[in-house]
Amino acid sequence: EQCRFVGIKPYPPHHRLSLHDERYKRWFAYGNEHRLLMLVHADNPDTIRTVTEISEIYPEISFILAHAGMSYPIARKAAEAAKKRPNVYVEITYTALTNGVIEYLVSVAGAEKVLYGSDMPMRDPAPQLAWVCYAKISEEDKRKVLGENARRLLERCFSKGGGENSGR
């Protein structure tokens with residue numbers, strides 16, 4: 001709270017815990033109370049399924065499925081989850097993005113559910129930026145993906161109803 005973090009990032013592969021594990025419940029309850037963001041690597045269908053399930057339990061958390069464009073099998077599952085659940089979003093950063101996947105995610109999940117990500121400073125942000133800039137989607141959709149969606153989610157963290165730290 002002192003550092004005013006707006007997001008949390010459980011990392012099941014490293015923690016070796018399912019997101020359903022009891023030890024996460026306190027963390028998730030806090031995130032739900034404060035309308036935080038939660039970034040989760042969407043590297044396998046089981047993780048995406050689990051995020052879909054817990055997003056129903058914690059509807060005030062904005063769940064972001066990271067690396068959702070890494071492959072079409074992952075993009076399909078992630079886009080379906082984002083379309084199904086109002087608080088699930090997909091994020092695009094990855095070392096090499098699958099051709100046409102930005103267009104796919106926008107068409108299935110909706111442009112308002114797709115977030116630009118760069119993994120900076122670990123990666124050069126230029127490729128991810130170019131993937132969106134040169135995607136065959138409307139300029140309005142590009143604006144959403146490149147910043148408007150993230151701004152909306154961040155503003156939500158600080159808005160009224162965001163727990164005792166709203167307006168931070």
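Modeller: What follows starts with the ring pairs and then moves to the core, the pocket and some backbone details.

The model is predicted: local features need pLDDT of at least 70, side-chain atom pairs count only at pLDDT 80 or more, and totals for chains, interfaces and linings use all residues. Residues are numbered from 1 along each chain as its sequence is written, and side-chain values use heavy atoms, with hydrogens and water left out.

A pair of aromatic rings is described by the distance of the centres and the angle of the planes. Rings of Phe, Tyr and Trp (its six-membered ring) pair if their centres lie within 6.5 Å; planes under 30 degrees apart count as stacked, over 60 as edge-to-face and the rest as tilted. By this rule there are five aromatic pairs. In one of them, Tyr-24 and Phe-28, the ring centres are 5.4 Å apart and the planes are at 5°, so this pair is stacked. Tyr-24 and Phe-28 are four residues apart in helix H2 (residues 22–33), which separates them by about one helical turn. Helices (H or I, at least four residues) and strands (E, at least two) are DSSP runs, numbered from the N terminus. Both Tyr-24 and Phe-28 are buried, where buried means under 20% relative accessible area, exposed over 50% and partly exposed in between (1.4 Å probe, protein chains only).

Phe-28 also pairs with Tyr-58, this time edge-to-face, at 5.5 Å centre to centre and 65° between the planes. Phe-28 lies in H2 and Tyr-58 in the loop between helix H3 (45–57) and strand S3 (62–66), so the pair ties together parts that are 30 residues apart in sequence. Tyr-58, like Phe-28, is buried. Ring pairs link Tyr-24, Trp-27, Phe-28 and Tyr-58 into a cluster.

Phe-28 returns in the largest nonpolar core, which has 38 residues; Phe-28, Phe-63, Leu-65 and Leu-105 have the most contacts inside it. A nonpolar core is a set of buried Ala, Val, Leu, Ile, Met, Phe, Trp, Tyr and Cys residues joined through side-chain atoms within 4.5 Å. Among the elements that each supply at least two residues of this core are H2, H3, S3 and helix H4 (72–84). H4 gives the most, with six residues. In soluble globular proteins, nonpolar side chains tend to be buried together.

Next comes the pocket. The lining of the largest pocket has 19 residues, and Leu-39, Ile-64, Glu-91, Tyr-116 and Gly-117 lie nearest its centre. On a 1 Å grid over the protein atoms alone, a pocket is an open set of points where a 1.4 Å probe fits, with protein on both sides within 12 Å along at least five of seven lines; lining residues have an atom within 4 Å of a point. Strand S2 (37–41), S3 and helix H7 (139–158) each supply at least two residues of this lining.

Last, the backbone. Most residues other than glycine have a negative phi, and most peptide bonds are trans. The peptide bond from Met-120 to Pro-121 is cis, with omega near 10°. Arg-35 has a positive phi, near 55°, and is found in the loop between H2 and S2. Arg-35 is buried, with a relative accessible area of 15%.
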